[in-house]
Amino acid sequence: MPQQRLRRSVLSVPGSNPRMMEKAAASAADEVFLDLEDATAPLEKPGARAKVVEALTTHDWGDKVKVVRINQVTGRYAFRDILEVIEGAGRVLDCIMIPKVQNPGDVAFVDRALTQLELELDLEPGRIGVEAQIEDPQGLVHCEAIATASPRVETLIFGPADFKASMQMPSLSVSGDIPTYPGDYFHYPLMRLAVAARAAGIQVIDGPYLAIRDLEGFATVARRAAALGYDGKWALHPGQIEPCNEAFTPTQEQFERAVQILDAYQHATEIERRGAVMLGDEMIDEASRKMAEQFFLRGRKAGLSPREPARAAAQ
Ligand code: GLV
Ligand code: MG
């Protein structure tokens, strides 16, 4: 089973900007990815690799997940991106993010390149993970196979901006709704990626919200993804980190209710030998236990702990 790291907020930083990378290291994001792809201008791309290596190896990143987004593997930059980043920072990097993944072969290419470099550089085999961005129709129709293309794959990531562009959706921004469409026009890809990721036992992350001053809109969209079971979402600006962490962390009340359900269910099954019991106004059974367990695990991963009365109330 691939690593299930804390990834509520995934901060995007241009790999060509040393100052922003330094600030990102001190941020409250769970993950930071240094971008060699679309946030770095083509003329800056070759020089950005060394800047990314420098940032990864000099700043104190705490326990953040440290990731580099390489360029699309069908283009001219990806091979050297992998080579230079792993040669320079392979010991500290956690994952490579691959944009615009279209089929399992794209992942296999990166997987094998990493394996070769691990052997050559005497790095721990298989330690560096892969994050696969799905942002076009080819990627979406192959997302199940992409999720299982390598044991390195830790997450699928939805890329709404490129997805909109590649689907020719009539919109000029990635924020809010398209007024002529009554529902959430991203529901289908979001749900499909969530199913593919869960079936493969990996995480699933929502992409960016580009209206960085609209924190209300950001929180709404983040909560939508959280409601579908997503593990986290990108932040393009430090201001988006806090609402992001909040959207993907259970509240203290939810966490305590989960503890109550787990305790009451354990008591019912192990002491009373009953599979379904009432807890307050609701009947709980094995499925309730599984739902509560999710809240419990997420809450604990985010540092929550039950206040004593929650446990006592369940007895
Ligand atoms: C992110 O890369 C996106 O295209 O939304
Ligand atoms: Mg993109």
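## Reading a helix, a metal site and a loop residue

Author: In this predicted model, the buried residues of helix 2 pack against helix 1 (18–25), strand 2 (31–35), strand 3 (65–69) and helix 3 (78–89).

Reader: Which residues of helix 2 are buried, and where do they lie around the axis?

Author: Burial is judged from relative accessible area, with under 20% as the cut-off. In helix 2, the buried residues are K45, A48, R49, V52, V53, A55 and L56; because they cover an arc of only 165° around the axis, they fall on the same side of helix 2. The helix itself, residues 45–58, has 14 residues and reaches 20 Å from its first C-alpha to its last, close to the 20 Å expected at 1.5 Å a residue.

Reader: Which residues are the protein donors of the magnesium ion (ligand 2), and are they buried or partly exposed?

Author: A donor is an N, O or S atom within 2.8 Å of a metal such as this one, and since water is not among the atoms, a site may look incomplete. Here the protein donors are E135 (OE) and D162 (OD), lying 2.1 to 2.2 Å from the magnesium ion. E135 lies in the loop between strand 5 (129–134) and helix 5 (137–141), whereas D162 belongs to helix 7 (residues 160–167), so the pair ties together parts that are 27 residues apart in sequence. E135 is buried, with a relative accessible area of 3%, while D162, at 23%, counts as partly exposed.

Reader: Where is L210 found, and which residues does L210 touch, not counting residues up to four places away in sequence?

Author: L210 sits in the loop between strand 7 (203–206) and helix 9 (215–227) and, with those sequence neighbours left out, touches V174 and L236. At 44% relative accessibility, L210 counts as partly exposed.

Note on methods: Residues numbered from 1 in each chain as written. Chains lettered and ligands numbered in written order. Predicted model: local features only at pLDDT ≥ 70, side-chain atom pairs only at ≥ 80, totals over all residues. Heavy atoms only, no water. Helix = DSSP H or I, 4+ residues; strand = E, 2+ residues; numbered from the N terminus. Expected span 1.5 Å × (residues − 1). Buried < 20%, exposed > 50% of the residue type's maximum accessible area, 1.4 Å probe, protein only. Arc of directions from axis to C-beta. Contact = heavy atoms within 4.5 Å. Donors = N, O, S within 2.8 Å, 3.2 Å for Na, K, Ca; no water.
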